[in-house]
Amino acid sequence: MLQKISLRSEADQLTEFWSQRVLAAGNGNLFKVAKGTGSTNWHSHDDQDETFLLLEGRLTVQLRDGDVDLAPGDLLVIPRGVEHCPRADGEARFLLVGPEITSTAAGGKPDWS
C-alpha cells in the first residue's frame with residue numbers, strides 16, 4: 001500500500017544531529033531525512049554523487065574552492081570525489097538522495113554527534 005511520508009515529522013523523530021533516517025527507496029536511490037547543527041568532518045564519496053535538498057534552516061556546504069549557502073527549497077549536488085564539509089550555524093533539516101550504498105559509512109559525521 002502506498003503511503004505519503006511527512007519529512008517534517010520524520011526529521012522531528014531524529015535524536016542525533018547529522019544522523020540520517022531512510023524514508024524510501026526508488027530507482028536504486030535512497031531518500032534519507034537528516035538534521036544537523038555545527039559542522040561535519042571534511043569527507044568525499046569516491047563512488048557516488050551526494051544530493052542535498054534543504055527543507056528548513058540554513059546550510060553551508062564548504063568546498064575547498066568556496067562555500068555554497070543553501071536556503072529552504074535549494075538543491076545542491078556534490079559530484080563524486082569532491083571533498084566537502086556541511087555546516088549549519090543553527091539547526092538545518094534536509095533530504096539526502098543517493099545510491100543504496102554509502103561509500104563513507106559515517107558520511108563525515110563528527111565525533112561529538
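In which sense do β2 and β7 pair, and over how many bridges? The two strands pair in the antiparallel sense, over ten bridges. The structure is a predicted model, in which local features need pLDDT of at least 70 and side-chain atom pairs count only at pLDDT 80 or more, whereas totals for chains, interfaces and linings use all residues. Residues are numbered from 1 along each chain as its sequence is written, and side-chain values use heavy atoms, with hydrogens and water left out.

Helices (H or I, at least four residues) and strands (E, at least two) are DSSP runs, numbered from the N terminus; two strands are taken to pair if DSSP finds at least two bridges between them. Within the pairing of β2 and β7, Val-33 stands opposite Leu-95 in β7. Strand β2 (residues 29-39) is also joined to strand β1 (residues 19-26), by seven bridges, and these strands run antiparallel. Gly-26 has Asn-29 in β2 as its bridge partner. β1 and β2 form a hairpin with two residues between them, and Asn-27 in the turn has a positive phi of about 55°. In a regular strand the side chains alternate between the two faces of the sheet.

Arg-93 is located in strand β7 (residues 84-99). With a relative accessible area of 11%, Arg-93 is buried (buried means under 20% relative accessible area, exposed over 50%, and partly exposed in between, for a 1.4 Å probe and protein chains only). Leaving aside neighbours within four places in sequence, Arg-93 is in contact with Arg-8, Ala-11, Asp-12, Ala-34, Lys-35, Leu-54, Leu-55 and Glu-56, where contact means heavy atoms within 4.5 Å.

Seven salt bridges are found in a search of the whole structure, a salt bridge being a side-chain nitrogen of Lys or Arg within 4 Å of a carboxyl oxygen of Asp or Glu. One of them joins the side chains of Asp-12 and Arg-93 (2.5 Å, N to O). Asp-12 lies in helix α1 (residues 7-12) and Arg-93 in strand β7, so this pair ties together parts that are 81 residues apart in sequence. Asp-12 counts as partly exposed, at 47% relative accessibility. Glu-91 forms a salt bridge with Arg-93 as well, the closest N and O atoms being 2.8 Å apart; Glu-91 is partly exposed, with a relative accessible area of 36%. Side chains of opposite charge can pair when their charged atoms come close.

A further salt bridge is formed by Asp-49 and Arg-80, whose closest N and O atoms are 3.6 Å apart. This pair links distant parts of the chain, 31 residues apart: Asp-49 is in the loop between β2 and β3 (50-56), and Arg-80 in the loop between β6 (75-78) and β7. Asp-49 counts as partly exposed at 30% relative accessibility, and Arg-80 is partly exposed with a relative accessible area of 47%.

Leu-75 is placed in strand β6 and is exposed, with a relative accessible area of 56%. Not counting residues up to four places away in sequence, Leu-75 touches Thr-51, Phe-52 and Leu-53. The C-alpha atoms of Leu-75 and Leu-55 are separated by 9.6 Å, the two residues being 20 residues apart along the chain.
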